[in-house]
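Subject: Structure handover and notes

Hello,

Here is the structure for your files. My notes on it follow below.

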Amino acid sequence: MGLLNLLRKLKSSSEDKELRVLVLGLDNAGKTTLLKQLANEEATNISPTTGFNIKSVQTSGFTLNVWDIGGQRSIRPYWKNYYEHTNCLIYVVDSTDSKRLQETSIELDDLLKEEDLAEVPVLIFANKQDVSTANRVETIAKDLSLNTIRGRAWQVQPCSAKTGEGVQPGIEWLLKSAKKLIKERKKQVK
């Protein structure tokens with residue numbers, strides 16, 4: 001094997017182990033708390049994200065470059081600037097905010113129509129399940145019309161970004177789905 005082939009193989013294998021993960025959702029859904037949980041950082045004194053946060057997180061042999069983008073209404077039109085080269089989408093829903101489930105459903109639907117996010121696996125974290133007034137996952141799935149999603153892997157995962165409960169199973173599902181998509185795309189290229 002020549003040096004060029006070896007370098008290509010090394011580059012290819014490192015790319016397979018590095019994923020760009022976009023974390024979106026309405027403001028106050030718990031995106032930054034989730035990011036801190038993933039990075040094993042203390043989640044205290046979190047203020048609204050007015051731009052973005054980015055962290056590289058090592059998990060299960062992968063490097064996740066996680067982009068947490070602010071969810072205020074005035075920031076959402078700029079989300080599209082971050083879609084390119086995204087391997088995975090995490091959409092965080094505040095399970096306690098029944099009044100904004102329709103708004104979050106519209107935003108998710110718009111995301112799923114984006115060409116740059118086509119086929120990208122989507123993990124919907126039904127956050128704040130540790131709060132007694134949280135909507136059940138079945139209710140959230142119905143209100144978000146998740147049964148209409150076609151052409152991509154998706155999963156709704158109950159969690160508490162604050163306590164970490166349910167986060168790791170969701171991330172494991174996301175990694176499994178991303179690996180499957182990478183394999184399928186490599187087959188298409190050959």
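Does Glu103 count as buried or exposed? The model is a predicted one, and in it Glu103 counts as buried, because its relative accessibility is 16% and the cut-off for buried is under 20%.

Helix α3

Glu103 belongs to helix α3. The helix runs over residues 101-112, which makes 12 residues. From the first C-alpha to the last α3 reaches 16 Å, close to the 16 Å expected at 1.5 Å a residue. Besides Glu103, the buried residues of α3 are Leu101, Thr104, Ser105, Glu107, Leu108, Leu111 and Leu112. In an α-helix there are 3.6 residues a turn, so residues three or four places apart point the same way. The cover over the buried residues of α3 includes the strands β1 (18-24), β4 (88-94) and β5 (122-127), as well as helix α4 (137-143).

Salt bridges

The structure holds 11 salt bridges. In one of them Glu103 pairs with Arg73, with 3.1 Å between the closest N and O atoms. This pair links distant parts of the chain: Glu103 sits in helix α3 and Arg73 in the loop between β3 and β4, 30 residues apart. Arg73 counts as exposed, because its relative accessibility is 60%, whereas Glu103 is buried.

Arg100 and Asp97 also meet through their side chains in a salt bridge, at 2.9 Å from N to O. Asp97 counts as partly exposed, at 21% relative accessibility. Salt bridges that share partners join Asp97 and Arg100 with Asp27, Arg73, Arg76, Glu103 and Glu107 in one network.

Another salt bridge runs between Lys55 and Glu41, where the closest N and O atoms are 3.2 Å apart. This pair too links distant parts of the chain, with Lys55 in strand β2 (residues 52-59) and Glu41 in the loop between α2 (31-38) and β2, 14 residues apart. Lys55 counts as partly exposed because its relative accessibility is 25%, and Glu41 counts as partly exposed at 32%.

Aromatic rings

A search of the whole structure finds 3 aromatic pairs. One of these is Trp67 with Tyr82, a tilted pair with 5.8 Å from centre to centre and 50 degrees between the planes. The pair links distant parts of the chain, as Trp67 lies in strand β3 (residues 62-69) and Tyr82 in the loop between β3 and β4, 15 residues apart. Trp67 and Tyr82 are both buried. Together with Phe52 they form one aromatic cluster.

Two charged side chains lie over ring faces. Arg20 lies over the face of Trp67, at 4.6 Å from the ring centre. Lys17 lies over the face of Phe62, with 5.0 Å to the ring centre.

Backbone

Which residues other than glycine have a positive phi? Lys128 is one of them, with phi near 70 degrees; this residue is found in the loop between β5 and α4. Ser145 is another, with phi near 55 degrees, and is found in the loop between α4 and β6 (154-158). Ser145 is partly exposed, with a relative accessible area of 32%.

Regards

Note on methods:
Residues numbered from 1 in each chain as written. Predicted model: local features only at pLDDT ≥ 70, side-chain atom pairs only at ≥ 80, totals over all residues. Heavy atoms only, no water. Helix = DSSP H or I, 4+ residues; strand = E, 2+ residues; numbered from the N terminus. Expected span 1.5 Å × (residues − 1). Buried < 20%, exposed > 50% of the residue type's maximum accessible area, 1.4 Å probe, protein only. Contact = heavy atoms within 4.5 Å. Phe/Tyr/Trp six-rings, centres within 6.5 Å; stacked < 30°, edge-to-face > 60°. Lys NZ or Arg CZ within 6 Å of the ring centre and 35° of its normal. Salt bridge = Lys/Arg side-chain N within 4 Å of Asp/Glu carboxyl O.
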